[in-house]
Amino acid sequence: MRVVQVVAISIAAIAIGAVFGAALASAQERALPLPALRSGITFAGSDVRAMQADDASNPGFLWVESGEKLWNAPAGTAGKSCASCHGDARSSMRGVAARHPRFDATAGTVQDLEARIGDCRVRRQQAAPLARESEELLSLTAYVALQSRGLPVEVTIDGSARAAFERGRAFYEARHGQMNIACAQCHEQNWGKRLLSETMSQGHGNAFPAYRLEWQSLGSLQRRLRACLFGIRAEMPPPGAPELTDLELYLAWRAQGLPLEAPGVRR
Amino acid sequence: MPDARITVPPSVARGKPFEVRIIVRHPMETGYRTDESGKSIPRNVIRTFTCRYNGDVVFSARMSSGIAANPYLRFFVTAKDSGQLAFEWVDDNGVRGSDSAAVTVV
């Protein structure tokens, strides 16, 4: 009788633990309260803001235009284009970028938008994989991401994505590199303050892939994260590394509710 | 890869200035940078840029390594008749780029 009770209590404890675990960072909970969320563009100067606001002056649209061409161009041995299956991106891709990174059952991992496009290209089009930061992958990502412009970031962090999310959060909160700084120290605790000539942003990725004036090119969020790690003299995981994807997922959860701006313009 | 992104109004009034905007895709390599092995990357910037309207030069620019990648140019043109804006540019490697846009005068 007593043994049965103990077993019952521990089962209850596990059940409660599971409920609490799931509630730790549910979709409702947030790192930053919704009214305090500020896109990186609000920290930028008026010239950069104007450049992003007008599609005719935003250089990111050079990549969007190539992306549209690639979307409709057959590739690989399957002889299919993206449009062969997905049709008009303006309707079929609406909201897709806002939901990434997300867990993909076939791949068995969490994928960011670049990985998802690359995967589709290899698996469905049977074409050669596109390298991270290649003009082709950036163009396709920019074109797909544009279709979600204005929609709020909304990623799933429960279920199969949970482990990646927790790893991303741990990475964000851990100190890295020779400067021994965590992402959170700048972007959580000190955003809005100055770091030399820069105003520290909240560190959201909602404008990526973005045209960065420093790069003189469009670049992915992973490139931006690597640049940040370089800045604090930390080891940079290679492009496409799971650590970066995990971090992207955590950042997307952190930015949930912010409208997508891709292709954005940043300093 | 498209060479440029041109923005002109869908239709323009006769004799009234209208805005022409163009972003040219070009790395505008300054010549001051080195690659990963320390070797100097040769300069490759757009040297001359010309815009013709129905054959007449209406705008031209000489550029140098002080201009950022993917140069953005904005200028005003007045048209008497409908026609074609033809853009042409040449870089240090002698590579010519060109693009055009139709202008409808109403």
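This section describes the strands and sheets of chain B, a helix of chain A that lies across two of them, and one residue of chain A. The model is predicted.

Chain B holds zero helices and seven strands. Read along the sequence, the pattern is β-β-β-β-β-β-β. The C-alpha trace of chain B spans about 55 × 20 × 20 Å along its principal axes. Of the 106 residues in chain B, 39% are buried. The accessible surface of this chain comes to about 6,000 Å². Carbon and sulfur atoms account for 48% of that surface. Chain B carries 14 positive and 11 negative charges, and their mean positions are 6 Å apart. Contacts in chain B were also sorted by separation in sequence. Among those between residues at least 6 apart, 56% join residues at least 24 apart.

Strands of a sheet pair through backbone hydrogen bonds, either parallel or antiparallel. In chain B, three strands form an open sheet in the order β1-β2-β5, with antiparallel pairing. The edges of this sheet are β1 (4–7) and β5 (72–77) of chain B. Each has a single partner strand, so one side of each is left without a neighbour in the sheet. From one strand to the next, the twist averages 15°. Strand β2 of chain B covers residues 18–24 and pairs with β5(B) over six bridges, in the antiparallel sense. Within β5(B), B:Y72 stands opposite B:I23.

Chain A meets this part of chain B through a helix. Helix α3 of chain A, residues 60–72, lies across β1 and β2 of chain B. The helix runs at about 105° to β1(B).

A further open sheet of chain B has four strands. Their order is β4-β3-β6-β7, and the pairing is antiparallel. Here β4 and β7 (96–103) of chain B stand at the edges. Each of these edge strands has a single partner, so one side of each lacks a neighbour in the sheet. Neighbouring strands of this sheet are turned by 15° against each other on average, direction ignored.

Strand β3 of chain B, residues 46–53, pairs with two strands of this sheet. With β6 of chain B, residues 83–91, the antiparallel pairing runs over seven bridges. One of the residues involved is B:I46, whose bridge partner in β6(B) is B:D91. With β4 of chain B, residues 56–62, β3(B) pairs over six bridges, again in the antiparallel sense. The bridge partner of B:F49 in β4(B) is B:A61. B:R52 stands opposite B:V57 of β4(B). β3(B) and β4(B) form a hairpin with two residues between the strands. In this hairpin, B:N54 takes a positive phi near 50°.

In chain A, A:V265 was examined individually. This residue lies in strand β7 of chain A, residues 264–266. A:V265 counts as buried because its relative accessibility is 0%. Neighbours within four places in sequence were left aside when its contacts were listed. The remaining contacts of A:V265 are A:I41, A:V48, A:M51, A:Q52, A:N58, A:P59, A:Y211 and A:L213. A:V265 and A:K69 are 196 residues apart along the chain, and their C-alpha atoms are separated by 22 Å.

Methods
Residues are numbered from 1 along each chain as its sequence is written. Chains are lettered from A and ligands numbered from 1 in the order in which they are written. This is a predicted model: local features need pLDDT of at least 70, side-chain atom pairs count only at pLDDT 80 or more; totals for chains, interfaces and linings use all residues. Side-chain values use heavy atoms; hydrogens and water are left out. Two strands pair if DSSP finds at least two bridges between them. Axes are lines fitted to C-alpha atoms, for helices over the stretch in contact, and angles run from 0 to 180 degrees between N-to-C directions. Contact means heavy atoms within 4.5 Å. Buried means under 20% relative accessible area, exposed over 50%, partly exposed in between (1.4 Å probe, protein chains only). Accessible areas come from the Shrake-Rupley method with a 1.4 Å probe; for residues, only the protein chains shown count as cover. Lys and Arg count as positive and Asp and Glu as negative; His and the chain ends are not counted. The place of a charge is taken as NZ of Lys, CZ of Arg, CG of Asp or CD of Glu.
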